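Colleague: Please take a close look at the strand pairing here, residue by residue where you can. Then place that part in its setting, salt bridges included.

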Amino acid sequence: MGKYIVLTNKETFQTVLENDGLEVVETYNFYFFEKLKAKYTIAKILDENIKIQLYEKYEGKEYVNKINVKFFEKFDTIEAAREELNEIVKASGNSEDSKNSKLVKSEMTV
């Protein structure tokens with residue numbers, strides 16, 4: 001049985017989801033004050049030896065990192081990955097902020 005990971009895409013930080021060793025399961029859009037702040041993707045790991053490619057734009061420079069999937073937190077079930085995603089969203093702001101934030105499942109796969 002495969003394991004699952006949660007991957008993040010933001011304006012300045014992109015995770016490449018096109019990877020033969022990953023199967024995208026579902027993607028959620030995180031909105032704060034109606035503005036899209038991040039996309040979170042739950043993916044099934046098909047190959048434990050893959051590297052996840054990350055792009056980051058910082059102070060006008062672009063950085064590319066390839067990180068072995070073994071360094072990512074893994075979950076045994078999709079439900080466990082969803083629970084983690086909900087914890088990430090809860091931790092993104094205080095209770096007042098949470099009134100203005102929402103997580104919406106994307107109808108489109110990435």
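Modeller: Two strands count as paired if DSSP finds at least two bridges between them. By that rule, 3 strands form an open sheet in the order E2-E5-E6, with antiparallel pairing. E2 and E6 are the edge strands, each pairing on one side only. From one strand to the next, the twist averages 20°. Keep in mind that this is a predicted model.

Start with E2 and E5. E2 covers residues 13–15 and E5 covers residues 51–58. The two run antiparallel, and 3 bridges join them. That count meets the requirement of at least two bridges.

Tyr55 stands opposite Val64 in E6. Glu56 stands opposite Tyr63 in E6. In a regular strand, side chains alternate between the two faces of the sheet.

How many residues lie between E5 and E6 in their hairpin? There are 2. Glu59 sits in that turn and has a positive phi of about 50°.

Next, the setting. The protein has 2 helices and 7 strands. From the N terminus on, the order is β-β-β-β-β-β-α-α-β. Of its 110 residues, 33% are buried. Count the contacts with a separation of 6 or more: 62% of them are between residues 24 or more positions apart. The protein exposes about 7500 Å², and carbon and sulfur atoms supply 47% of that area.

Then the salt bridges. The whole structure holds 5 of them. One joins the side chains of Glu26 and Arg82, at 2.6 Å from N to O. Glu26 lies in strand E3 (residues 22–32) and Arg82 in helix H1 (residues 78–91), so the pair ties together parts 56 residues apart in sequence. Which side of this pair is buried? Buried means under 20% relative accessible area. Glu26 is at 6% relative accessibility, so Glu26 counts as buried. Arg82 has a relative accessible area of 29%, so Arg82 is partly exposed.

Arg82 has another partner. Glu79 forms a salt bridge with Arg82, with the closest N and O atoms 4.0 Å apart. Both residues lie in helix H1, 3 residues apart, about one turn of the helix. Glu79 is at 47% relative accessibility and therefore partly exposed. Through shared partners, salt bridges join Glu26, Glu79, Arg82 and Lys105 into one network.

A further salt bridge pairs Lys102 with Glu34, the closest N and O atoms being 3.5 Å apart. This pair also links distant parts of the chain: Lys102 is in strand E7 (residues 101–105), Glu34 is in the loop between E3 and strand E4 (35–45), and 68 residues separate them. Lys102 is partly exposed, at 38% relative accessibility. Glu34 is exposed, with a relative accessible area of 62%.

Back to the part you asked about. The order is E2-E5-E6.

Technical notes:
Residues are numbered from 1 along each chain as its sequence is written. This is a predicted model: local features need pLDDT of at least 70, side-chain atom pairs count only at pLDDT 80 or more; totals for chains, interfaces and linings use all residues. Side-chain values use heavy atoms; hydrogens and water are left out. Helices (H or I, at least four residues) and strands (E, at least two) are DSSP runs, numbered from the N terminus. Buried means under 20% relative accessible area, exposed over 50%, partly exposed in between (1.4 Å probe, protein chains only). Contact means heavy atoms within 4.5 Å. Accessible areas come from the Shrake-Rupley method with a 1.4 Å probe; for residues, only the protein chains shown count as cover. Axes are lines fitted to C-alpha atoms, for helices over the stretch in contact, and angles run from 0 to 180 degrees between N-to-C directions.
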